[in-house]
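Open the model in your viewer and keep the selection panel at hand. The stops below go from the core to the charged pairs.

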Amino acid sequence: MARIIKSCLQSALKCVNLIMAMVGIAMILYGFWMVRIWQRDMGGSSFDDFNSTAPWFIYTFLGTGITLCLLTCLGHIAADTANGFCLFCYMVIISVLLLVETGIAADVLLNSEWEKDLPEDPTGRFHDFKEFVESNIDIFKWIGFIIFLGQGLSVLSAMALRACGPNQCSNYDSDEEFNQTRLPLINNHPQQPAYVIVDPPFANKNEAWNVNEQVKEKGVSQIFIIHK
């Protein structure tokens, strides 16, 4: 029963972890598209020839997408191995990401002049993206809700999986039941004899030699007496 529960938790963590993978891939693709458009607007010149503010919005978009993809890989490894350290690192990173997202969302909703806190975007992609979000605000609300829900479920699934403990490397329920049948193919160690040869219980060698001499002198008849 415990293995079934652990397998279900691992599958659930992998499924909710895929939400961040899809968001990250979409951000990377959109970031490359923005880079392509910006290069076209610049007339094919390189980034070094553009004497203005750095395209922070494009870099931030690409960096966020790559971070989400790497975090997805970490979550998949943690779910597959059920390693306590990997799960702990995954939970910490997701929790910090949730706090950052909550702070950004609160600043946008509560601060009417939040755009003034951002540097100027020379590419104009930030303005276009903001207009696109505002024109499709209902869709992006659902997208944001799904992202928050997926990250929250990821933390809960990781906590439950970490409480279940790591995976067992052995394929058997108990290795102690098979210890007696696991014998080496070639035994290089000779077996010890079941008995031990010791000297006769005489006081010393001189006394044993004297007894033997007396037996020889007294003859065969005295030998039977001594044995009795």
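Start with the largest nonpolar core, which has 29 residues. Such a core is a set of buried Ala, Val, Leu, Ile, Met, Phe, Trp, Tyr and Cys residues joined through side-chain atoms within 4.5 Å. Buried means under 20% relative accessible area, exposed over 50%, and partly exposed in between (1.4 Å probe, protein chains only). Select L13, Y90 and I94, the residues with the most contacts inside this core. Then colour α1 (2-41), α2 (56-81), α3 (84-110) and α5 (137-164), the elements that each give two or more residues to the core. The largest share, nine residues, is from α2. Helices here are DSSP runs (H or I, at least four residues), numbered from the N terminus.

This is a predicted model: local features need pLDDT of at least 70, side-chain atom pairs count only at pLDDT 80 or more, and totals for chains, interfaces and linings use all residues. Residues are numbered from 1 along each chain as its sequence is written, and side-chain values use heavy atoms, with hydrogens and water left out.

Next, select D80 and K14, whose side chains meet in a salt bridge at 3.5 Å, N to O. A salt bridge is a side-chain nitrogen of Lys or Arg within 4 Å of a carboxyl oxygen of Asp or Glu. D80 lies in α2 and K14 in α1, so the pair ties together parts 66 residues apart in sequence.

Last, select E115 and K130, a salt bridge at 2.5 Å, N to O. E115 is in the loop between α3 and α4 (125-135), and K130 is in helix α4. K130 is buried at 19% relative accessibility, while E115 is partly exposed at 36%.
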